[in-house]
Structures are given as structure tokens and as C-alpha cells.
Amino acid sequence: MDVSSDGGRPWVRSLSHQLSPADVNADLTRCGLLVERAEALASLYREHGNWNDVKDRWFDERLSNRSTRSSAQAIFRVLTSRLKNAPPSLPNPRDLPEILDRCATARDEAQVLSLYLVEDDALVRYVVHEYVSRIERDHREPLDFSDETLGDVLRSLEYADGSAFDYADSTTGRWCDGFRSVMREIDVLGGQRDVVGSPPAVGDIPLLVALGYSYEVGGEDWVNAPRGLLYLFQPEDHWDELFDRAARTDAWEFVELHGDLRLRPTETTYDWATGGAR
């Protein structure tokens with residue numbers, strides 16, 4: 001579903017026909033964002049500096065809290081995958097404890113962590129791209145995350161080898177539940193039973209992370225399709241206000257370049273989070 005805006009390139013490309021079956025998993029049925037546990041893992045990584053020591057500490061603490069080894073292993077595998085596989089375009093996982101601590105609300109923390117989820121989980125990324133394309137086509141269209149609509153999106157996925165998405169209905173249903181759970185945590189959906197949502201407010205810290213990610217992955221024209229804002233379901237008529245908010249912080253500024261004002265980080269992209277230490 002490659003939708004172009006004003007004859008230009010689409011904001012994001014559909015991942016249908018791009019992924020292999022091996023790229024896709026149902027990890028979202030095992031755990032959602034689990035903000036507190038993800039933060040605990042990031043804190044352990046900051047303390048120990050390697051994932052083997054983090055694993056030992058994680059299991060010691062989980063089992064002492066009466067978690068079963070199988071559930072602890074599953075959650076550890078999924079959450080560490082999101083952190084270990086984080087690209088350089090996102091803050092280093094060892095900086096996450098500081099970043100999450102500076103978030104004003106649980107929603108803000110979830111919005112930061114959702115970017116790591118989308119980057120790591122190809123099926124989540126495919127679905128998010130499909131909804132971003134819908135926002136590009138008509139941002140007034142409600143964001144419908146019902147089983148029927150999400151199921152249609154999932155069943156539209158075709159792999160690069162020509163095969164199609166073929167999860168069992170029960171697995172698809174649990175995956176849709178997991179996706180809606182994430183949407184509630186980042187404030188796209190409201191109540192437990194809501195299935196139709198809208199673009200959420202974005203806090204200051206997730207805004208800085210989303211813009212940093214957009215800047216790193218988007219090249220010179222990143223402001224024409226700011227990937228981090230799109231992954232937070234922000235329509236185009238929200239962007240200028242968000243750019244202006246960022247420019248009022250110490251982390252971003254407008255710079256005149258060839259007669260145009262360009263939004264740029266004042267230092268390195270995540271200097272605001274690291275104090276310049278990498």
C-alpha cells in the first residue's frame with residue numbers, strides 16, 4: 001500500500017513483499033511494552049555493561065520473586081531483543097534509565113519504549129506502516145484497531161517469497177490484543193474496551209527521542225516524513241507545532257541554511273540525554 005503525498009514519495013513504504021516468514025514472529029502475544037521490566041533490564045545493563053551478567057541477575061531476581069523459569073526466559077528474550085538490537089538511531093540502552101527517569105508520565109515512558117518495539121518487531125512495524133499510510137491518505141480517518149480491521153491488515157501481508165500471513169485465528173486474536181495493549185499504553189487508545197483511537201499527545205522526552213530517531217534515519221529531508229513522529233501516529237498538521245516545541249528546548253534549534261530554516265540538534269543527536277558522553 002505505497003501511498004504517495006502530492007505526487008512525492010510515501011511517508012513510509014509498505015513492508016508487504018519485503019519480509020520473509022523468518023523475519024516475523026508472534027512475540028507480542030508473550031509480552032507488551034512491560035515498561036517497568038524493560039527499565040529494570042536497561043538499569044542492569046547500565047550497571048554491568050554486558051548481557052550475560054544482566055541475564056544472571058535477571059533470573060536470580062525473577063526466580064526469587066516466584067516467577068517460573070520459562071516465563072522469565074520468555075520475557076527476558078523478548079525484552080532484551082528490543083534493547084540489544086536497538087540501532088544507533090535510537091539512544092543506547094545504557095542511557096535509557098536516565099531518559100525514562102526524566103519522563104513526566106507512564107505514557108511518556110511507553111512512547112519512548114514503543115520506538116524500540118517497532119524497530120525490533122517486524123510484524124509490529126508492518127502494521128504500523130500500514131496505519132501510517134492510512135493517516136497520510138486521510139488523517140481524519142479514525143484509527144480503528146478492532147479485531148476485524150487489524151485482522152484484515154495482517155491477512156494482507158504477503159512475504160517476499162510469495163507466501164501469505166497464516167497465523168491461526170487464536171494466535172492472531174492474541175496478537176491483536178497485544179497490539180491494542182501497546183496502543184493503550186502510548187495513549188492512542190483510551191479505555192480497556194476501546195478499539196478506535198486518535199493521535200496521542202507527545203511528552204517532551206518522547207518528542208526529543210522521536211525527533212532524534214527521525215533525524216538519524218531520515219537524511220536531509222527527514223522533516224518531510226519524520227519517522228519517529230509517524231510511529232507515534234502524528235499526522236502532518238501536528239508536525240510544525242512539535243518542531244517548534246523542540247526548538248524551544250536546549251536540544252534542538254532552527255538553523256538557516258541556503259535561505260531555509262532547518263531544524264537540527266544543537267550538539268550530537270542525543271547529547272541532551274548523555275551529557276556528551278558516548
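Reply: The chain holds 12 helices and 4 strands, where helices (H or I, at least four residues) and strands (E, at least two) are DSSP runs, numbered from the N terminus. This is a predicted model, in which local features need pLDDT of at least 70, side-chain atom pairs count only at pLDDT 80 or more, and totals for chains, interfaces and linings use all residues. Residues are numbered from 1 along each chain as its sequence is written, and side-chain values use heavy atoms, with hydrogens and water left out.

Me: How do you know that the chain agrees with a compact globule?

Reply: The radius of gyration is taken over C-alpha atoms, and the globule rule is 2.2 Å times the number of residues to the power 0.38. For 278 residues a compact globule would have a value near 19 Å; the chain has 19 Å, and therefore agrees. Along its principal axes the C-alpha trace spans about 60 × 45 × 40 Å.

Me: Why is S89 called buried?

Reply: Buried means under 20% relative accessible area, exposed over 50%, and partly exposed in between (1.4 Å probe, protein chains only). S89 has a relative accessible area of 8%, and therefore counts as buried. S89 is placed in the loop between α3 (69–84) and α4 (96–101). Not counting residues up to four places away in sequence, S89 touches G212, Y213, E216, V217 and Y270, a contact being heavy atoms within 4.5 Å. Of the 278 residues of the chain, 49% count as buried.

Me: Why are H17 and D187 called partly exposed?

Reply: H17 has 46% relative accessibility, and therefore counts as partly exposed. D187 is also partly exposed, because its relative accessible area is 37%. H17 is found in the segment before α1 (35–48), whereas D187 lies in the loop between α8 (169–185) and β2 (196–197). Although not a glycine, H17 has a positive phi of about 70 degrees; D187, likewise not a glycine, has a positive phi of about 75 degrees.

Me: What makes a set of residues a nonpolar core, and which residues have the most contacts inside the largest one?

Reply: Such a core is a set of buried Ala, Val, Leu, Ile, Met, Phe, Trp, Tyr and Cys residues joined through side-chain atoms within 4.5 Å. The largest has 86 residues, and F145, F179 and F233 have the most contacts inside it. Helix α6 (residues 122–137) gives the most to this core, with 9 residues. Leaving aside neighbours within four places in sequence, F179 is in contact with L28, V124, V127, V128, F145 and L150.
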